[in-house]
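Trainee: Could we take a close look at one part of this protein together? I'd like to start with its pockets.

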Amino acid sequence: MAQKQKTKRSVVLYIATSLDGFIARENGEIDWLLEADNGEGDNGYSAFYSSVDTVLLGNATYQQLFELSDEFPYADKKCYVFSRSEQPSSPHVTFVSENIPKFMEQLQQKDGNHIWMVGGADILDLFLKNRLVDEFIITLIPTLLGSGIPLFKPNNPELMLQLERTDQFGQMVQLHYKVKE
């Protein structure tokens with residue numbers, strides 16, 4: 001009897017960006033995101049959040065979480081923080097400094113739901129250069145920042161995407177793409 005081949009877990013970038021393509025101001029501030037809240041629910045966040053059981057963050061993004069809240073927002077998920085330097089232990093996260101493509105290959109083979117690539121820009125860039133993102137769910141915020149930290153850095157490989165769906169939340173539009181194989 002043939003065994004069913006295990007499918008790898010999808011890595012999903014779920015992120016908001018200004019209309020001109022920035023995820024934060026040049027100083028890392030995201031105050032403009034909080035101001036864009038339309039007050040009409042969570043803009044699909046709860047449904048997405050329930051579809052993931054693993055969260056990936058770069059160290060700068062992880063550190064910024066504590067500026068926004070005293071509570072770690074992903075305590076109910078398995079969290080990995082990618083860092084180039086040794087970090088103090090944390091009850092909520094596992095720090096990863098090993099070879100990221102190899103780490104991700106092993107992580108994606110484990111049983112579980114989708115894996116959320118939270119960001120930030122540096123770790124996302126490394127994931128893109130290694131073709132480690134399977135889906136993109138990008139919410140466009142109707143704000144032009146003019147400058148800031150771009151969602152996509154230059155010189156990434158070309159990826160062909162398939163539009164899965166679009167959703168509108170007030171003045172925001174959410175685009176959901178899967179990478180074509």
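How do the residues of the lining of the largest pocket divide into nonpolar, polar and charged?

Mentor: Happy to walk you through it. First, some ground rules: this is a predicted model, where local features need pLDDT of at least 70 and side-chain atom pairs count only at pLDDT 80 or more, while totals for chains, interfaces and linings use all residues. Residues are numbered from 1 along each chain as its sequence is written, and side-chain values use heavy atoms, with hydrogens and water left out.

Now your question: the lining splits into 26 nonpolar, 15 polar and nine charged residues. (Nonpolar here is Ala, Val, Leu, Ile, Met, Phe, Trp, Tyr, Cys and Pro; charged is Asp, Glu, Lys and Arg; the others, Gly among them, are polar.) A pocket, by the way, is an open set of points on a 1 Å grid over the protein atoms alone, where a 1.4 Å probe fits and protein lies on both sides within 12 Å along at least five of seven lines; lining residues have an atom within 4 Å of a point.

This pocket has a volume of about 1500 Å³, volume being the space filled by probe spheres set on the points, which are joined across faces, edges and corners. Its lining counts 50 residues, and Ile-15, Ile-30, Leu-33, Thr-61 and Val-118 lie nearest the centre.

Helix H3 gives the most to that lining, seven residues. (Helices are DSSP runs of H or I with at least four residues, strands are runs of E with at least two, and both are numbered from the N terminus.) H3 covers residues 59–68, with Asn-59 in it. Asn-59 counts as buried because its relative accessibility is 19%; the cut-offs are under 20% for buried, over 50% for exposed and partly exposed in between, using a 1.4 Å probe and protein chains only. Beyond its neighbours within four places in sequence, Asn-59 is in contact (heavy atoms within 4.5 Å) with Val-81, Phe-82, Ser-83, Gln-87 and Phe-95. Thr-61, Tyr-62, Gln-64 and Leu-65 of H3 are buried too, and strands S3, S4, S5 and S6 are among what covers the buried residues of this helix.

S6 also supplies at least two residues of the pocket lining. Five of its six residues are buried, so S6 is largely enclosed by the rest of the structure. Look at Trp-116 in S6: Val-12 has it as bridge partner, and Val-55 stands opposite it.

Terms used: Two strands pair if DSSP finds at least two bridges between them.
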